[in-house]
Amino acid sequence: MPWESIKLNSGYYIPSIGFGTWKTGSGQGPIDQVKQALGNGYNHLDTAQNYRNEEETGVALKETGLSRSDVFVTTKYSGSDNLDIPTSIKNSLDKLGLSYVDLYLVHAPRLAVPDIPTCWAQMEKVKEDGLAKSIGISNFGVQHMETLMASAQIKPAVNQILLHPYVYQRQKPILEYAAKNGIVIEAYSALIPITQSPGGPLDKPLNEIAAKFGATTEQILLAWTKAKGAVVVTASSKKTRLQGYIAAGDITLSPEDIAAIDAAGALGEEKPT
């Protein structure tokens, strides 16, 4: 099976590819896209308070008729409407039409108010109350994680971060810290080198490796992300692309392929904005 599930430090398993609703908008669009994803091999949905489409995600889940245990659902505390974590998780569950989420994340360290230890204690309460099976973080750097871990009773299960070859060197310390502490990395925007930064140093190795596998460059980037041990969160409104992303799980890159992508990524390294 491609895209095997990964065991979290909470004891639960996370499917290693998920469909993200970040840019799907609101209204009928995300309902249709989520249903399409669920019908094409995705059993992991990733949404957030500030995506403003938790309700649509819930409608899609209900309309598919899938049983709750068949779908892994993530949402995030985004500090929307200045609501606190206890209120936010309950609102999110109401909108999703669920009694619990599989994973609840703090969307960014700046949202940890008044401070990271206090915020994380509230997240731990969410898990203890059975509202989330696992809890985690998003966009946390090494220092943020160190601050959290110093007081944590429950380790974060995941850290969801920006990850693609053009930011790999910058993000590598986060990957290393997470690996050392049993925290799974989730990668978003893995396809940016193709969708937003074409014409860079990665084009040549990606095209050559894709030709070798009879695959698309998107599939090679996802295979690279998988090779780094990360869970992929991706999206497309096109059914054929969604199916292609699932098929990428069957691609095993050689150490030489990975090294070539790493080297080209370092040449085009994005500077932090």
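# A quick tour of a predicted model

Search the whole structure and you'll find 9 salt bridges (a salt bridge is a side-chain nitrogen of Lys or Arg within 4 Å of a carboxyl oxygen of Asp or Glu). This is a predicted model, where local features need pLDDT of at least 70, side-chain atom pairs count only at pLDDT 80 or more, and totals for chains, interfaces and linings use all residues. Residues are numbered from 1 along each chain as its sequence is written, and side-chain values use heavy atoms, with hydrogens and water left out.

**Salt bridges**

- Glu63 and Lys35 meet through their side chains in a salt bridge, 2.8 Å from N to O. Glu63 sits in helix α2 and Lys35 in helix α1 (residues 28-38), so this pair ties together parts that are 28 residues apart in sequence. (Helices are DSSP runs of H or I with at least four residues, strands are runs of E with at least two, and both are numbered from the N terminus.)
- Glu63 is partly exposed at 48% relative accessibility, and Lys35 is partly exposed at 30%. (Buried means under 20% relative accessible area, exposed means over 50%, and partly exposed is in between, using a 1.4 Å probe and protein chains only.)
- Asp81 pairs up with Arg52 in a salt bridge, with the closest N and O atoms 3.4 Å apart. This one links distant parts of the chain, 29 residues apart: Asp81 is in the loop between β5 (72-77) and α3 (85-96), and Arg52 is in the loop between β4 and α2.
- Asp81 is exposed, at 54% relative accessible area, while Arg52 is partly exposed at 46%.

**Helix α8**

- Which residues of helix α8 (residues 203-213) are buried? They are Pro205, Leu206, Ile209 and Ala210. They cover an arc of only 130° around the axis, which puts them on the same side of α8. (The arc is that of the directions from the helix axis to the C-beta atoms.)

- UniProt, in an unreviewed entry, places the feature "binding site" at His107. (UniProt positions are given in the numbering used here, feature names are shortened, and annotations may be inferred rather than shown by experiment.)
- You'll find His107 in the loop between β6 (101-106) and α4 (116-128), and it is buried, with a relative accessible area of 13%.
- Leaving aside neighbours within four places in sequence, His107 is in contact with residues including Ala48, Tyr51, Tyr77 and Asn139. (Contact means heavy atoms within 4.5 Å.)
- Thr47 lies in the loop between β4 (44-46) and α2 (54-64) and counts as buried, at 0% relative accessibility.
- The side chain of Thr47 makes a polar contact of 3.0 Å with the side chain of Asn53. (A polar contact is a pair of N or O atoms within 3.5 Å; within protein, one must be able to donate a hydrogen and the other to accept it, and residues adjacent in sequence count only if both atoms are side-chain atoms.)

- Most residues other than glycine have a negative phi, and most peptide bonds are trans.
- Val113 and Pro114 are joined by a cis peptide bond, with omega about 0°.
- Asn139 isn't a glycine, yet its phi is positive, at about 65°. Asn139 is in the loop between β7 (132-138) and α5 (142-151).
- Ser189 isn't a glycine either, and its phi is positive too, at about 60°.
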